[in-house]
Amino acid sequence: MTTTTRFVYRFRDGDAGMRDLLGGKGANLSEMARLGLPVPPGFVISTDGFREFARLDQQLPESLWQEVQEALKEVEEAVGRRFGDPDNPLLVSVRSGSKFSMPGMMDSILNLGLNDETVEGLAKAANDRRFALDSYRRFIQLFAKVALQADAERFEEVLTDARTKAGANDDADLSESDLEDVIRRFKEIASTGTEPFPTDARDQLRIAIRAVFESWTNPRAIAYRNHQHIPHDLGTAVSIMAMVFGNTGPRSGTGVCFTRNPSTGERALFGEYLPNAQGEDVVSGVRTPKPISELESEMPDSYNALVEHAKNLENHFRDLQDIEFTIENGRLFILQTRSGKRTAMAAVKTAVDMVGEGLISRDEALLRVPADELSQLLLPRFDDESKERAAKDGRLLGKGLNASPGAATGIVAIDGDDAERYGERAILVRPETSADDMPAILKAGAVLTSRGGITSHAAVVTRGLGKPAVVGLSAIHVDTKRGEVSVDGIVLKTGDAISIDGFTGEVFSGTIDTVPADISSNDDLRELLEWADEARRLEIRANADTPEDAARARAFGAHGIGLCRTEHMFFQEERLVHIREMLMNARHESTEAANGVYENALKSLEEYQTSDFRGILEAMDGLPVVIRLLDAPLHEFLPPIESLIENLAIARVTNGPEAEVREMEELLEAARSLAETNPMLGHRGSRLGVTNPDIYEMQVRAIFRATKDLIDAGKDPQPEIMVPLVMGEAEVKSLKAGLTELAKGLGEDLGRPARIHFGTMIEVPRAALDAGAIAPHVDFFSFGSNDLTQMTFGFSRDDAEEKFLRYYVENEILPRNPFETIDETGVGRLIEIAVKEGRKGNASLQLGLCGEHGGDPLSVDFCHRVGLDYVSCSPPRVAVARLAAAQAAIGQTERDV
């Protein structure tokens with residue numbers, strides 16, 4: 001018996017739990033209909049329908065089309081109008097909607113079913129011909145742009161021309177005769193599309209469904225999914241429902257509202273609306289809407305009903321809701337609800353407040369805040385004094401709406417090419433943004449628009465992405481053709497400096513100094529992270545190389561340092577002198593003078609290192625500090641050979657001082673002797689410690705001296721010594737033997753047991769495979785995931801990311817960038833082997849990870865699952881890691897149940 005796949009679901013057939021099948025929009029429409037909210041009648045074409053459409057080479061299955069016809073009949077019965085009827089026509093909207101919210105990335109079509117005959121029927125039924133003509137011109141414009149790929153700018157040019165001729169401020173002021181002329185000209189533009197403009201309503205519907213399905217694979221949707229890591233194989237559902245009209249006069253309107261402020265999390269209805277308009281007017285930013293609070297005085301009954309529905313929806317879904325609504329002649333309709341995109345600040349406050357309100361549990365609150373987005377709370381702010389100077393200098397261009405928080409100083413970028421060129425330095429400046437601007441928004445560091453409100457496309461998207469944005473700065477004129485921005489005689493061209501304050505809405509020409517954010521005063525975040533600390537198992541440490549970084553990491557909640565990179569301490573100018581003396585004279589140990597220089601250089605470096613370690617250990621008093629002995633290739637401490645040759649040639653030609661020339665010759669000779677074809681796989685790390693033991697011994701002496709100084713001062717230093725880049729057991733044994741013997745002698749002066757924890761980084765695949773043999777000789781492993789990834793993949797990180805890695809991710813050759821998220825198949829498998837074999841060889845072995853992956857939530861989850869004891873990340877990512885570790889623990893508990 002053959003089973004026929006069902007493709008169409010009436011709203012009454014679905015519920016909120018059917019997101020995979022009906023998409024987020026369709027599932028929530030079904031849920032609202034089930035709850036009895038005022039939702040227009042409609043139905044959903046499922047994602048199964050999309051997949052069948054894709055399988056048939058982008059052709060609608062005939063069985064799907066038949067199901068659409070049957071469902072459409074029920075909508076006709078519900079509203080008392082007929083689809084395509086010239087006397088009393090039913091119009092519908094055709095909207096995209098995937099499982100995960102992708103605001104504005106795919107296409108929708110409104111007012112479908114209009115033609116030269118049905119527009120007159122609509123006019124008669126509504127007793128308002130102007131409204132009908134306005135709906136018709138909207139339909140032609142949107143359908144031709146979305147389904148026929150007609151040039152969108154030409155439509156806007158026609159509207160601009162019509163407003164100018166009529167002396168109208170906006171489209172709502174155009175008369176019937178104005179609109180008739182606009183429609184005529186719109187038809188001419190539509191005729192240039194990919195196929196003739198259809199007049200039959202059912203032909204329109206078939207083409208519209210196809211176009212919405214096809215929008216799943218448009219460039220902006222693909223770019224958004226890549227950025228948000230949304231799988232490309234999910235597909236989109238299509239929601240079709242009866243049109244309700246917000247453009248029928250002064251008692252009608254449309255808007256978007258949030259049940260709480262999506263920027264701050266404040267518990268109050270937040271949003272905007274436009275009277276006598278349709279939804280596209282609000283979202284597109286073409287018109288600047290009114291605050292939702294003004295709706296209370298203009299249409300009090302509709303406002304009160306909206307407030308009640310918003311409250312009920314938030315309580316039902318137990319989350320901040322983003323609601324689209326339309327008022328038709330005083331009657332309110334809810335067209336969509338979804339979990340609202342919000343800033344990290346709002347996410348934290350909303351989660352904490354909802355626990356206090358009894359809506360969600362603490363664990364739910366921890367899961368509600370995307371861990372990676374906590375870094376938004378570290379967005380810089382403008383320095384007050386620098387900002388005041390800019391204002392006094394006359395550089396304040398104006399104040400718009402503070403759509404998304406954060407301060408950004410960058411370069412004016414008018415279009416996508418500019419954004420591509422300048423990258424994160426770009427401030428994308430547009431009259432308004434549309435979904436087509438998404439690739440440019442993803443590239444840019446911030447966004448500024450001259451039109452639009454706080455629920456416009458630019459505002460919603462940038463809040464979701466955590467990018468600063470100011471919208472609706474009407475004082476500026478953006479000339480996209482000339483590539484410039486002007487206001488009151490001030491002209492900024494592409495490439496000029498500009499600064500925007502997403503906290504206040506202020507915009508300045510030129511640059512303004514920024515200062516780091518202070519999260520210590522955020523009580524909601526502190527409370528959320530305290531809950532996270534109670535829930536997590538993984539310890540969170542930080543990568544820090546200076547006392548200042550260590551203190552900052554501790555303030556962020558780090559429980560120690562998991563990686564202190566000592567090579568970074570040698571690059572200061574006054575230290576380079578001594579390390580270069582050491583390198584140049586280490587080769588001449590038979591010369592007494594050379595030996596003296598060499599010894600003095602080591603002593604000088606030991607003094608510097610003792611001071612360094614003392615400061616870091618003091619900043620982390622009472623907490624572990626893992627100090628990695630020198631890892632960098634020695635040639636990095638010398639100037640490039642090419643510049644040495646050039647400088648030496650100049651010195652010889654100009655008869656420079658003999659001593660200076662001789663010194664340059666020795667420096668060049670040292671550089672040549674240390675040069676390597678592939679230094680990242682050369683004489684560095686443990687290999688350096690084995691062949692040049694004096695360097696590691698100097699560092700260990702400095703660690704012990706710093707430790708003794710702090711013990712004498714009543715402190716509790718907890719240093720741990722880590723050897724980098726080992727390949728196997730023999731190497732570890734060789735290094736440990738010498739360093740342990742040295743430590744015994746030094747330990748007599750500590751005044752306490754001399755033992756300091758000794759461990760190694762596991763960053764060479766061979767070491768991971770030999771972990772069982774290495775483990776008995778050490779106290780801990782720390783997985784250096786950066787180098788382990790390079791060596792496992794055979795990628796040079798610096799070259800791969802620039803040359804081909806982005807292509808690999810975009811074309812799904814790799815699911816993610818392995819330098820951002822641990823590759824569980826390869827690198828992760830090596831870590832799992834090392835964990836299992838290491839613990840078998842040493843039951844008390846401590847296990848950590850100290851690469852950049854330590855601040856990536858997915859990688860933190862992996863580290864939790866494989867049983868590591870801690871992760872270490874950069875100080876700004878500590879809060880991210882704390883929350884991610886809690887989410888991993890909660891997820892594990894749920895998996896175990």
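Which residue does Asp524 meet in a salt bridge, and at what N to O distance? In this predicted model, the partner of Asp524 is Lys349, and the side chains of the two residues meet at 3.9 Å, N to O. Asp524 has a relative accessibility of 19% and counts as buried, because the buried class comprises values under 20%. Lys349, with a relative accessible area of 25%, is partly exposed.

Lys349 also forms a salt bridge with Asp353, for which the closest N and O atoms are 3.2 Å apart. Both Asp353 and Lys349 are located in helix H13 (residues 344-356), where a separation of four residues corresponds to about one turn of the helix.

A further salt bridge connects Asp161 with Arg185, with 2.8 Å between the closest N and O atoms. Asp161 is found in helix H6 (residues 152-166) and Arg185 in helix H7 (residues 176-190); the pair therefore ties together parts that are 24 residues apart in sequence. Asp161 is partly exposed at 25% relative accessibility, and Arg185 is likewise partly exposed, its relative accessible area being 21%.

Salt bridges also occur as a network, in which Asp134, Arg137, Arg138, Arg163 and Asp171 are linked. For the model, the count comes to 67 salt bridges.

Technical notes. Residues are numbered from 1 along each chain as its sequence is written. This is a predicted model: local features need pLDDT of at least 70, side-chain atom pairs count only at pLDDT 80 or more; totals for chains, interfaces and linings use all residues. Side-chain values use heavy atoms; hydrogens and water are left out. A salt bridge is a side-chain nitrogen of Lys or Arg within 4 Å of a carboxyl oxygen of Asp or Glu. Helices (H or I, at least four residues) and strands (E, at least two) are DSSP runs, numbered from the N terminus. Buried means under 20% relative accessible area, exposed over 50%, partly exposed in between (1.4 Å probe, protein chains only).
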